[in-house]
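Visitor: Please take a close look at a single part of this model and follow it through in one connected account. Give the cut-offs as you go.

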Amino acid sequence: MLSLFTGILLYQRFSEYELSVLLSVLHQGGKKVIYIGLDDQVVKGEAGLPCIPETTIQDVDLELLDSIVLPGVDDFEHLVGHKGLSDFLVRANDNKRVIAAISSAPYFLSMSGLLAEKKFTTGLTAEQRDFLGTFKEDNYMDTQVVVDDTIVTAKGAAFIEFAFAFGDRMQLNYQKEWYRWAGLGPLGP
């Protein structure tokens, strides 16, 4: 049986920390990952980490992906209405492939029409959502993580819970207790 990949989207100013636990969960679960750029240029995260995409949104074979993850961006003005990203997400949204977005990244799902009939959360404020004009506010849930069928969304501060929700949705075998330190964290004392 062909082993499928999780595609991790990389774009300028992506939030590295929002991927940290998720990448660890994927590694623990034996899930293969491919890093996908908007183009083939080096991408720098918001903390300055330079990353080289392995493929692009134009060149990736969607048949090799069973899931896609979009990290948030501290300043996403350069991605507002990005046609290439939107077209990629529309092509990828087949209701079988899990698509997950954290922090500001649910905007990319919204601008592409993927949240039209889905419950969601985001780190964007009500004013920001209203200004962007693509969100269906009736579907917004003020909670840390929302899983609605094949769509997973989360607020940026919930990056550990986001990783767990994604890992659980993908039925990965990983150890949640590994991420607990000195009785602190999302699992509590």
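Guide: Arg-13 counts as partly exposed because its relative accessibility is 37%; buried means under 20% relative accessible area, exposed over 50%, and partly exposed in between (1.4 Å probe, protein chains only). The model is predicted, so local features need pLDDT of at least 70 and side-chain atom pairs count only at pLDDT 80 or more, while totals for chains, interfaces and linings use all residues. Residues are numbered from 1 along each chain as its sequence is written, and side-chain values use heavy atoms, with hydrogens and water left out.

Arg-13 sits in the loop between strand S1 (5–10) and helix H1 (17–28); helices (H or I, at least four residues) and strands (E, at least two) are DSSP runs numbered from the N terminus. The phi of Arg-13 is positive, near 70°, in a residue other than glycine.

S1 and H1 are among the elements against which the buried residues of H5 pack, together with strands S6 (65–70), S7 (98–102), S8 (145–148) and S9 (151–154); contact means heavy atoms within 4.5 Å. Those buried residues are Ile-160, Phe-162, Ala-163, Phe-164, Ala-165, Phe-166 and Gly-167.

The largest nonpolar core has 59 residues, and Leu-9 and Tyr-11 are among those touching the most other members. H5 (residues 159–169) gives six residues to this core, the most of any element. Such a core is a set of buried Ala, Val, Leu, Ile, Met, Phe, Trp, Tyr and Cys residues joined through side-chain atoms within 4.5 Å.

After H5 comes Gln-171, with a positive phi near 55°. Gln-171 counts as exposed because its relative accessibility is 72%.
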